[in-house]
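Q: I have not looked at this one before. Can you walk me through a few parts of it?

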Amino acid sequence: MTGPELAEAGRLLAAARRPVVFTGAGMSAESGVPTFRDAQTGLWQRYDPQELATPAAFRADPALVWGWYETRRRGVRRALPNPGHRAVAAIAARLPETVVITQNVDDLHERGGVPAPVRLHGSLFAPRCSACARPAPLPSDLPPSADPPEPHDGAEPHGGAESHAPEAHDGPLDPPACADCGAPVRPGVVWFGEALPSAALAAAVEAASGCDLLLTVGTSALVHPAAEIPLVAARLGAPVVQVNPVPTPLDAICAVNLRGPAGEVLPALVRAAWPDDAVG
Ligand code: BJW
Ligand code: ZN
């Protein structure tokens, strides 16, 4: 990231009235939540998505899949929003028509100050029946070995370098049974081959169609249809600014590529847009 690129992105953000912030796993990487496709640390380097993130995988071995997601959910519970999440909240506070669209299944945007992001791929915190779709309660986070989240005073919001990756995979765990029909409860996320929630997808397309800036953060832009959201905005003339340490397929359509980690670049971008504000 160079000074002129940051300054140009800051100008675009300061001029925007209806920005969309579109986020992927890299948004939460500095909170210690692993991405999917990064070399060394990505989940798909260690786990086969076909065995864990498809409807067929759940049918074949519900305990394997449920246990893996429970381990990840507990990891996310221990993670904290990082300065990038706070910067997104600062943008939304400054520009009330901001729409935050996330592919992430964690709750770090909410805890970072964005109460209702548009969720394209569901949530780790919204399990439902695999047969009748009735929402199911979250399992208790006990046993007592689970560390409680650190109290957070807002002064040092970084989740820290500590990884909350499912290193110590707790192993298979039978899912609870639905209180209505008795079928196994499943994670409330979108697996490969499943349709995205139609209301969320429609809201995302509408926001991207009407935005005057799209800021894409921490996504490899390889998974469809979510990856088409920045393309919709670009096609209709909105500038696209990308925050990512490495190139992605979106580079070519971006007005500005800010190469760097979200937790550093986004606060710098907010400062560049509104130098007189005490944010970031
Ligand atoms: C940092 C950073 C830092 C690191 N700061 N940045 C068109 C073409 C080809 C294929 C398809 C197509 N249309 C559909 C498909 C099939 C498939 C698909 O896209 N496959 C491709 C992978 C080839 N799509 C689907 O199956 C979708 N469903 C569908 O199309 O249904 C059709 C249908 C219609 C009607 C009825 C029925 C069916 C569903 C996709 C669901 C994706 N689910 C997952 C798992 C969610 C649950 C879970 O968490 O386990 O969603 S997969 C995974 O990928 C997860 C993510 O949300 C998603 C995107 O990943 P993301 O966020 O981009 O992460 P990474 O790891 O890929 O990238 C991280 C980035 O961060 C990198 O660029 C880093 O450099 C960067 N980074 N540190 C900033 N500090
Ligand atoms: Zn049921």
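Predicted model: local features only at pLDDT ≥ 70, side-chain atom pairs only at ≥ 80, totals over all residues.

Q: How many residues does helix α8 have?
A: Helix α8 (residues 198–210) has 13 residues. Helices here are DSSP runs of H or I, at least four residues, and strands are runs of E, at least two, numbered from the N terminus.

Q: Which residues of α8 are buried?
A: A200, A204, A207 and A208. Buried means under 20% relative accessible area, exposed over 50%, partly exposed in between (1.4 Å probe, protein chains only).

Q: And which are exposed on the other side of α8?
A: S198, A199 and E206.

Q: What do the buried residues of α8 pack against?
A: Strands β1 (19–23), β2 (99–102), β3 (118–119) and β6 (213–217), plus helix α9 (228–235).

Q: Switching to T102, where is that found?
A: In strand β2. T102 is buried, at a relative accessible area of 1%.

Q: What does T102 touch?
A: Leaving out residues up to four places away in sequence, T102 touches T23, H109, P117, V118, R119, L120 and H121. Contact means heavy atoms within 4.5 Å.

Q: Last one: at what angle do α6 and α10 pack?
A: Helix α6 (residues 83–94) and helix α10 (residues 262–273) pack at about 30°, with axes 7 Å apart.

Key. Residues numbered from 1 in each chain as written. Chains lettered and ligands numbered in written order. Heavy atoms only, no water. Expected span 1.5 Å × (residues − 1). Axes fitted to C-alpha atoms, helices over the stretch in contact; angles between N-to-C directions.
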